[in-house]
Amino acid sequence: MIDKILEKNDPGLSDVTALLNAEGRDRGLLFEKARQVKAEHVGNKVYLRGLIEFSNICAKDCFYCGIRRSNSRVPRYDLSDEEILNAAYFAYKNRYGSIVMQSGELTGPHFTERVEGLLDGIRESTEGNLRVTLSCGEQTPETYERWFRAGADRYLLRIETSSRELYSRLHPNDEKHSFDKRLQALRDLRSAGFQVGTGVMIGLPFQTTEDLARDLLWMKSIDIDMVGMGPYLEHKDTPLYTYRDLLLPKQARFELSLKMIAILRILMKDINIAASTAMQTIDPQGRERAIDAGANVFMPNITPCRVREFYKLYEDKPCTDENPDDCRRCVEQRIASVSNDVAYDEWGDSGHYLKRTRPADR
Ligand code: SF4
């Protein structure tokens with residue numbers, strides 16, 4: 001039966017659910033197909049994104065997140081502009097091709113201008129040769145447009161779950177945490193011209209396998225360009241920790257995450273899929289296994305070590321004390337271990353984005 005599903009061009013909800021439940025021989029077929037699709041459509045190379053977690057200050061209170069506003073146990077930091085520009089330059093000099101600038105969610109004219117100024121500074125110091133992804137939460141359409149014009153190319157805004165009902169159990173019930181606003185922000189990002197990324201958490205309390213299948217079909221329906229998703233990992237200083245007894249064992253969440261990546265690769269052949277750090281928290285080879293399952297983006301953390309341990313959305317986050325030089329060697333070894341190559345000096349734009357914005361090339 002799995003063989004037939006894997007041949008379908010447009011699998012439905014029951015098909016995708018069956019793939020998520022695949023075991024034994026069926027599971028093997030799923031991963032084999034994902035490997036084939038990856039080799040054919042995006043190749044066996046892995047693009048690097050140097051990750052700069054530039055501030056853990058956040059105005060929101062998501063129930064699952066270790067740096068939520070109400071967690072008074074986490075020391076707050078905000079890197080200086082100089083530290084951020086130095087980290088971006090490190091990525092450029094080490095031929096990463098691109099960076100991700102991530103922060104808690106802050107809004108307002110000062111924050112908009114600050115990010116704009118940083119984008120200007122990065123463009124100047126790297127002569128426009130470094131692609132920049134922003135991951136700074138929900139902003140107004142005008143802010144998105146300003147940041148796009150200032151040189152950001154991609155934007156990552158995870159929905160965490162495409163189920164409205166589950167979303168309401170993961171967030172306070174107020175305007176600041178509105179599911180509809182999240183959806184609108186994703187549309188605004190696309191209108192502004194970005195390569196748009198999203199993602200979900202896998203193995204949340206109250207989440208069903210069908211919810212996950214719907215997540216995958218939803219990503220396809222909104223024609224997303226990039227995805228970063230991984231297992232939900234509980235953090236003891238968060239409200240969602242109360243429900244930890246409802247969770248699947250971590251290994252089961254990891255296995256589901258691998259299947260989600262493999263199925264997404266089959267559903268959306270030319271998008272960029274990140275091997276999330278959360279995978280490595282459960283399995284020491286987690287990110288390599290994600291690449292083997294269909295991911296093609298790796299995000300080495302280049303945040304200065306002095307603050308890295310404070311950006312913990314979940315506990316036991318790996319690589320919080322590794323310096324960027326050690327990190328580079330480690331990344332190369334990890335990627336080579338699954339017969340993929342590091343794509344140095346390449347921007348690694350989403351092939352899906354390039355096709356949808358340049359239809360004449362099809
Ligand atoms: S998930 Fe993002 S927006 Fe929500 S509390 Fe954490 S950093 Fe803030």
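Predicted model: local features only at pLDDT ≥ 70, side-chain atom pairs only at ≥ 80, totals over all residues.
Visitor: How many helices and strands are in the chain?
Guide: The chain has 15 helices and 11 strands; these are DSSP runs numbered from the N terminus (helices H or I, at least four residues; strands E, at least two).

Visitor: Why does the radius of gyration of the chain agree with that of a compact globule?
Guide: The rule, over C-alpha atoms, is 2.2 Å times the number of residues to the power 0.38. For 362 residues a compact globule would have a value near 21 Å, and the chain has 19 Å, which agrees.

Visitor: What makes α3 oblique to α10?
Guide: The axes of helix α3 (residues 24-41) and helix α10 (residues 250-267) cross at roughly 50° and come within 8 Å. Axes are lines fitted to C-alpha atoms, for helices over the stretch in contact, and angles run from 0 to 180 degrees between N-to-C directions. Angles under 35 degrees count as roughly parallel, over 145 as roughly antiparallel, 65 to 115 as roughly perpendicular and the rest as oblique; therefore α3 is oblique to α10.

Visitor: Which residues make the contact of α3 with α10?
Guide: Leu30, Phe31, Lys33, Ala34, Val37 and Lys38 of α3 meet Lys259, Ala262, Arg265 and Ile266 of α10, contact being C-beta atoms, placed from the backbone, within 7 Å.

Visitor: Why is α5 called roughly parallel to α6?
Guide: α5 and helix α6 (residues 141-149) pack at an angle of about 15°, with their axes 9 Å apart. That angle makes α5 roughly parallel to α6.

Visitor: Which residues surround the ligand, and how do they divide by class?
Guide: Cys58, Lys60, Cys62, Cys65, Ile67, Arg68, Gly104, Glu105, Gly137 and Leu313 surround the ligand, a residue being near if its C-beta atom, placed from the backbone, lies within 6 Å. This shell has five nonpolar, two polar and three charged residues. Ala, Val, Leu, Ile, Met, Phe, Trp, Tyr, Cys and Pro count as nonpolar, Asp, Glu, Lys and Arg as charged, and the others, Gly among them, as polar.

Key
Residues numbered from 1 in each chain as written. Contact = placed C-beta atoms within 7 Å.
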